Amino acid sequence: MSTPRRLLLVNGPNLNLLGIREPDVYGRDTLADVERIVSETAARRGFEVRAVQSNHEGVLLDAIHAAHDDCAGIVINPGGLSHTSVVLRDALAGVALPVAEVHISDVQAREPFRHRSYIADVAVVHVTGEGVAGYAKATALLLDVITGNADA
Ligand code: CA2
């Protein structure tokens with residue numbers, strides 16, 4: 001079967017508040033802006049994006065499982081679940097798709113409990129602390145991995 005020309009974009013709990021609360025930490029771009037930025041980046045490479053944001057872990061797991069059937073990779077900001085969730089990590093490992101982990105803020109410069117990510121070692125791309133622009137970078141790097149771009 002040929003590689004699907006589709007990515008799954010996953011945003012975890014509370015990221016629906018982007019642009020609405022804590023602009024000093026997370027900036028003024030909204031979740032809709034994030035989804036547009038990722039879609040535009042992917043479209044330039046001939047890929048479409050299916051976006052999911054949920055405050056419910058099971059919804060995220062279901063979306064990740066479904067991606068196994070029709071997506072070539074996953075761009076994910078797991079939010080606070082990065083630091084707590086073995087089940088999210090297991091879901092990502094289970095579908096065996098290339099994963100790009102994004103964090104808007106510089107988690108290493110924040111509280112110690114944010115320094116550990118359960119997702120990090122199942123991801124092939126990591127972009128942290130570059131604001132919402134980091135989603136575009138992560139998408140481009142993930143597409144390099146998927147398409148075998150020699151510059152990756
Ligand atoms: O920096 C990131 O992208 C984080 O994944 C964001 C998470 C946080 O728990 C991680 O440590 C780092 C929090 C997402 C909550 O997003 C909000 C956005 C606006 C206002 C309030 C929360």
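Visitor: How many nonpolar, polar and charged residues does the shell around the ligand have?

Guide: Ala, Val, Leu, Ile, Met, Phe, Trp, Tyr, Cys and Pro count as nonpolar, Asp, Glu, Lys and Arg as charged, and the others, Gly among them, as polar. Here the shell has seven nonpolar, seven polar and three charged residues. The model is predicted: local features need pLDDT of at least 70 and side-chain atom pairs count only at pLDDT 80 or more, while totals for chains, interfaces and linings use all residues. Residues are numbered from 1 along each chain as its sequence is written, and side-chain values use heavy atoms, leaving out hydrogens and water.

Visitor: Which residues are the closest to the ligand?

Guide: A residue is near a molecule if one of its heavy atoms lies within 4 Å of it. In this model 17 residues surround the ligand, and the closest are Asn 77, His 83, Ile 104, Ser 105 and Arg 114.

Visitor: Which polar atoms lie by the oxygen atoms of the ligand?

Guide: A polar contact is a pair of N or O atoms within 3.5 Å; within protein, one must be able to donate a hydrogen and the other to accept it, and residues adjacent in sequence count only if both atoms are side-chain atoms. A polar side-chain atom of Asn 77 lies 2.8 Å from a ligand oxygen atom, and one of His 103 lies 2.9 Å from a ligand oxygen atom. For Ile 104 a polar backbone atom is involved, 2.7 Å from an oxygen atom of the ligand. The protein covers 94% of the 510 Å² of accessible area (Shrake-Rupley method, 1.4 Å probe) that the ligand has on its own.

Visitor: Is Ser 85 buried or exposed?

Guide: Buried means under 20% relative accessible area, exposed over 50%, and partly exposed in between (1.4 Å probe, protein chains only). Ser 85 counts as buried because its relative accessibility is 2%. Ser 85 belongs to the loop between strand 3 (73–77) and helix 4 (86–95); helices (H or I, at least four residues) and strands (E, at least two) are DSSP runs, numbered from the N terminus. The side chains of Ser 85 and Glu 57 are joined by a polar contact of 2.4 Å.

Visitor: Where is Leu 7 placed?

Guide: Leu 7 is in strand 1 (residues 6–11) and is buried, at 1% relative accessibility. Its C-alpha atom is 5.7 Å from that of Ile 74, 67 residues apart along the chain.
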